[in-house]
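Please read it with the model open beside you.

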Amino acid sequence: MKLYITRHGETMRNAEYRVLGRTDDPLSEKGRAQAVELAENLQDVEIDLIFTSPLSRAKETALTVAKTKGLEVIEDERLLEINFGVYEGVSG
(Lines give C-alpha, C1' and ligand atoms only; values in the text may rest on other atoms or scores of the structure.)
Protein backbone atom coordinates (compact mmCIF):
# COMPACT_ATOMS: atom_id res chain seq x y z
CA MET A 1 0.00 0.00 0.00
CA LYS A 2 1.18 3.50 -0.82
CA LEU A 3 -0.15 6.59 0.89
CA TYR A 4 0.11 9.97 -0.82
CA ILE A 5 -0.44 13.05 1.31
CA THR A 6 -0.89 16.37 -0.45
CA ARG A 7 -1.63 19.87 0.71
CA HIS A 8 -4.45 22.03 -0.57
CA GLY A 9 -3.80 24.83 -3.03
CA GLU A 10 -3.11 28.40 -1.99
CA THR A 11 -5.77 30.57 -0.35
CA MET A 12 -5.76 34.36 -0.12
CA ARG A 13 -4.73 34.14 3.54
CA ASN A 14 -1.89 31.77 2.65
CA ALA A 15 -0.65 34.40 0.18
CA GLU A 16 -0.81 36.99 2.97
CA TYR A 17 1.12 34.67 5.34
CA ARG A 18 -1.82 34.51 7.76
CA VAL A 19 -2.52 31.64 10.15
CA LEU A 20 -5.51 29.66 8.90
CA GLY A 21 -6.16 26.68 11.14
CA ARG A 22 -9.89 25.97 10.99
CA THR A 23 -10.77 29.22 9.27
CA ASP A 24 -12.55 28.07 6.11
CA ASP A 25 -10.73 30.20 3.55
CA PRO A 26 -11.43 29.13 -0.06
CA LEU A 27 -8.82 28.57 -2.74
CA SER A 28 -7.50 31.57 -4.62
CA GLU A 29 -7.22 31.49 -8.40
CA LYS A 30 -3.60 30.42 -7.96
CA GLY A 31 -4.78 27.69 -5.58
CA ARG A 32 -7.26 26.41 -8.16
CA ALA A 33 -4.47 26.31 -10.75
CA GLN A 34 -2.30 24.41 -8.26
CA ALA A 35 -5.11 21.87 -7.75
CA VAL A 36 -5.30 21.33 -11.51
CA GLU A 37 -1.52 20.96 -11.65
CA LEU A 38 -1.66 18.40 -8.82
CA ALA A 39 -4.29 16.41 -10.73
CA GLU A 40 -2.09 16.49 -13.83
CA ASN A 41 0.96 15.35 -11.83
CA LEU A 42 -1.04 12.44 -10.43
CA GLN A 43 -2.41 11.45 -13.83
CA ASP A 44 -0.33 8.25 -14.06
CA VAL A 45 -0.55 7.39 -10.36
CA GLU A 46 -2.97 4.63 -9.39
CA ILE A 47 -5.29 5.94 -6.69
CA ASP A 48 -8.09 3.94 -5.06
CA LEU A 49 -9.42 6.33 -2.41
CA ILE A 50 -9.29 10.06 -1.75
CA PHE A 51 -9.90 11.45 1.74
CA THR A 52 -10.22 15.13 2.60
CA SER A 53 -10.81 17.51 5.44
CA PRO A 54 -14.26 19.14 5.34
CA LEU A 55 -12.66 22.58 4.88
CA SER A 56 -13.48 24.01 1.45
CA ARG A 57 -9.84 24.58 0.43
CA ALA A 58 -8.97 20.92 1.01
CA LYS A 59 -12.24 19.63 -0.41
CA GLU A 60 -11.93 21.63 -3.64
CA THR A 61 -8.35 20.43 -4.13
CA ALA A 62 -9.40 16.81 -3.52
CA LEU A 63 -12.41 17.09 -5.82
CA THR A 64 -10.22 18.44 -8.62
CA VAL A 65 -8.03 15.34 -8.41
CA ALA A 66 -10.98 12.99 -7.92
CA LYS A 67 -12.72 14.27 -11.03
CA THR A 68 -9.76 13.24 -13.21
CA LYS A 69 -9.72 9.80 -11.57
CA GLY A 70 -13.45 9.14 -11.62
CA LEU A 71 -13.42 8.80 -7.82
CA GLU A 72 -15.57 10.03 -4.98
CA VAL A 73 -14.05 12.07 -2.16
CA ILE A 74 -14.44 10.83 1.39
CA GLU A 75 -14.77 13.70 3.86
CA ASP A 76 -13.34 12.97 7.31
CA GLU A 77 -13.56 15.35 10.28
CA ARG A 78 -10.41 13.78 11.74
CA LEU A 79 -8.43 15.52 8.99
CA LEU A 80 -9.44 19.00 10.18
CA GLU A 81 -6.62 21.43 10.87
CA ILE A 82 -6.06 22.35 14.50
CA ASN A 83 -7.74 25.46 15.85
CA PHE A 84 -5.22 28.21 16.50
CA GLY A 85 -7.71 30.22 18.57
CA VAL A 86 -6.79 33.91 18.87
CA TYR A 87 -4.01 33.37 16.31
CA GLU A 88 -6.45 32.51 13.50
CA GLY A 89 -6.01 35.16 10.79
CA VAL A 90 -2.90 36.69 12.37
CA SER A 91 0.01 37.55 10.07
CA GLY A 92 3.07 35.38 10.50
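1. Start with Arg13. Arg13 is partly exposed, at a relative accessible area of 29%. Buried here means under 20% relative accessible area, exposed means over 50%, and partly exposed is in between, with a 1.4 Å probe and protein chains only. Arg13 belongs to helix H1. Helices are DSSP runs of H or I with at least four residues, strands are E runs of at least two, and both are numbered from the N terminus. With neighbours within four places in sequence set aside, Arg13 is in contact with Arg18, Leu20, Thr23 and Asp25. Contact means heavy atoms within 4.5 Å. Arg13 and Glu60 are 47 residues apart in sequence, and their C-alpha atoms are 16 Å apart in space.

2. A word on the source. This is a predicted model, in which local features need pLDDT of at least 70 and side-chain atom pairs count only at pLDDT 80 or more, while totals for chains, interfaces and linings use all residues. Residues are numbered from 1 along each chain as its sequence is written, and side-chain values use heavy atoms, with hydrogens and water left out.

3. Stay in H1 for Asn14. Asn14 is found in that helix. Is Asn14 buried or exposed? Asn14 is buried, with a relative accessible area of 17%. Its side chain reaches the backbone nitrogen of Thr11 at 2.9 Å. That is a polar contact: a pair of N or O atoms within 3.5 Å, where within protein one must be able to donate a hydrogen and the other to accept it, and residues adjacent in sequence count only if both atoms are side-chain atoms. Leaving aside neighbours within four places in sequence, Asn14 touches Arg7, His8, Gly9 and Leu20.

4. Check the backbone at Tyr17. Tyr17 has a positive phi of about 60°, although it is not a glycine. Most residues other than glycine have a negative phi. Tyr17 sits in the loop between helix H1 (12–15) and H2. Tyr17 is exposed, with a relative accessible area of 64%.

5. Now the overall fold. The protein has three helices and two strands. Along the sequence the pattern runs α-α-β-α-β. The radius of gyration is 14 Å, close to the 12 Å from the globule rule for 92 residues, so the protein is as compact as a globular protein of that length. That radius is taken over C-alpha atoms, and the rule is 2.2 Å times the number of residues to the power 0.38. Along the principal axes, the C-alpha atoms fill a box of roughly 40 × 25 × 20 Å. Of the 92 residues, 34% count as buried. Among contacts with a separation of 6 or more, 60% come from residues 24 or more positions apart.

6. Ala35 lies in helix H2 (residues 29–41). Val65 lies in helix H3 (residues 56–69). Ala35 is buried, with a relative accessible area of 1%. Val65 is buried too, at 5%. Which residues does Ala35 touch, not counting those up to four places away in sequence? They are Thr61, Thr64 and Val65. Ala35 and Ile5 are 30 residues apart in sequence and 13 Å apart in space, C-alpha to C-alpha.

7. Asp76 is found in the segment after strand S2 (73–75). At 14% relative accessibility, Asp76 counts as buried. Its side chain makes a polar contact with the side chain of Arg78, at 2.7 Å. Not counting residues up to four places away in sequence, Asp76 touches Thr52, Ser53 and Pro54.

8. Val86 also lies in the segment after S2. Val86 is exposed, with a relative accessible area of 73%. Val86 and Leu3 are 83 residues apart in sequence and 33 Å apart in space, C-alpha to C-alpha. Further along the chain, Val90 is 25 residues from Val65 in sequence and 30 Å from it in space, C-alpha to C-alpha.

9. Last, surface and charge. The protein exposes about 6,500 Å², and carbon and sulfur atoms supply 53% of it. Accessible areas come from the Shrake-Rupley method with a 1.4 Å probe; for residues, only the protein chains shown count as cover. The mean positions of the 12 positive and 17 negative charges are 3 Å apart. Lys and Arg count as positive and Asp and Glu as negative, with His and the chain ends not counted. Each charge is placed at NZ of Lys, CZ of Arg, CG of Asp or CD of Glu.
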